[in-house]
Amino acid sequence: MVSVYRCPSCKDKIKYGYNYCPHCGVELEWEDDESDTEDLSKLSKDELVMAYGLSKYVDGSAAGPAKYGGGVVGYASLLLFTGMHNFLYTECSEIELCHSKNRLYGIAPNKDRDEINVDLKEISVDYNPVSGSDFGTFIIKIPSKEKVYTYPYVYMPNLLYKSIMSAKSGKFDKSIYQSGLKDLSQKSESTEAEKEPDDDEFDDFDDL
């Protein structure tokens with residue numbers, strides 16, 4: 001991804017490393033922050049907090065709400081026809097959004113699918129929970145780039161918010177978001193148990 005920089009004086013776009021703005025001529029000063037930059041490909045999962053959500057909604061597949069009319073009505077209808085409990089927990093998986101102790105990474109769920117690689121200090125985050133659900137919309141704002149990214153159907157957005165805010169304050173505690181994922185695992189297991197009852201339950205009827 002090519003980062004966009006703007007002149008602090010005239011606000012026009014400039015290339016990194018210029019000594020003077022080619023538009024207004026003001027002298028430019030660049031912070032030497034290369035040492036703070038992380039390469040995502042070199043980070044292990046132990047160094048990242050991976051977000052979870054309903055990725056099938058984001059990609060607009062045939063199994064999504066559009067099949068049932070789109071929007072809130074389509075979302076509600078889909079849950080009705082697939083089964084609220086089974087759908088929410090068996091379809092929840094990692095989405096293209098994560099953060100380390102210093103940076104946020106992701107692929108924006110929009111038509112351009114912008115790549116996000118930004119210092120946590122440069123962003124603000126918020127979320128809108130869905131009433132009666134563990135899912136919600138997660139919102140990321142990058143004022144310096146005039147960008148706003150909205151991720152729908154993120155699992156436990158409140159805990160992801162707390163995780164990012166904790167990292168921004170200088171701490172990196174993966175357990176904040178992982179505590180919600182443990183709950184997800186338990187619900188998924190209980191769902192499977194409901195689907196496949198133990199054959200032993202019916203042993204008592206064999207002799208009848």
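Author: What follows begins with the fold as a whole, moves to the nonpolar cores and ends with the cysteines. The model is predicted, and its chain holds five helices and nine strands, which follow one another along the sequence in the pattern β-β-β-α-α-α-β-β-β-β-β-β-α-α. Of the 208 residues, 33% count as buried, while the accessible surface comes to about 13,100 Å², with 49% of that area belonging to carbon and sulfur atoms.

The largest nonpolar core has 30 residues, and within that core Ile 140 and Tyr 177 touch the most other members. Two or more residues are given to this core by each of the strands β3 (49–53), β4 (93–99), β6 (115–119), β8 (135–142) and β9 (147–155), and likewise by the helices α4 (157–168) and α5 (175–195). Apart from this core lies another, of five residues, including Leu 48, Met 50, Cys 98 and Tyr 105. Beyond its neighbours within four places in sequence, Tyr 177 is in contact with Val 49, Met 50, Ala 51 and Tyr 52, among others, and also with a set that includes Val 154, Tyr 155, Leu 159 and Leu 160.

As for the cysteines, Cys 98 counts as buried at 8% relative accessibility, whereas Cys 24 is partly exposed, with a relative accessible area of 38%. The closest cysteine sulfur to that of Cys 24 belongs to Cys 7 and lies 3.7 Å away, which is too far for a bond, because a disulfide requires the two sulfur atoms to be within 2.5 Å. A search of the whole structure finds zero disulfides.

Key: Residues are numbered from 1 along each chain as its sequence is written. This is a predicted model: local features need pLDDT of at least 70, side-chain atom pairs count only at pLDDT 80 or more; totals for chains, interfaces and linings use all residues. Side-chain values use heavy atoms; hydrogens and water are left out. Buried means under 20% relative accessible area, exposed over 50%, partly exposed in between (1.4 Å probe, protein chains only). A nonpolar core is a set of buried Ala, Val, Leu, Ile, Met, Phe, Trp, Tyr and Cys residues joined through side-chain atoms within 4.5 Å. Helices (H or I, at least four residues) and strands (E, at least two) are DSSP runs, numbered from the N terminus. Contact means heavy atoms within 4.5 Å. Accessible areas come from the Shrake-Rupley method with a 1.4 Å probe; for residues, only the protein chains shown count as cover.
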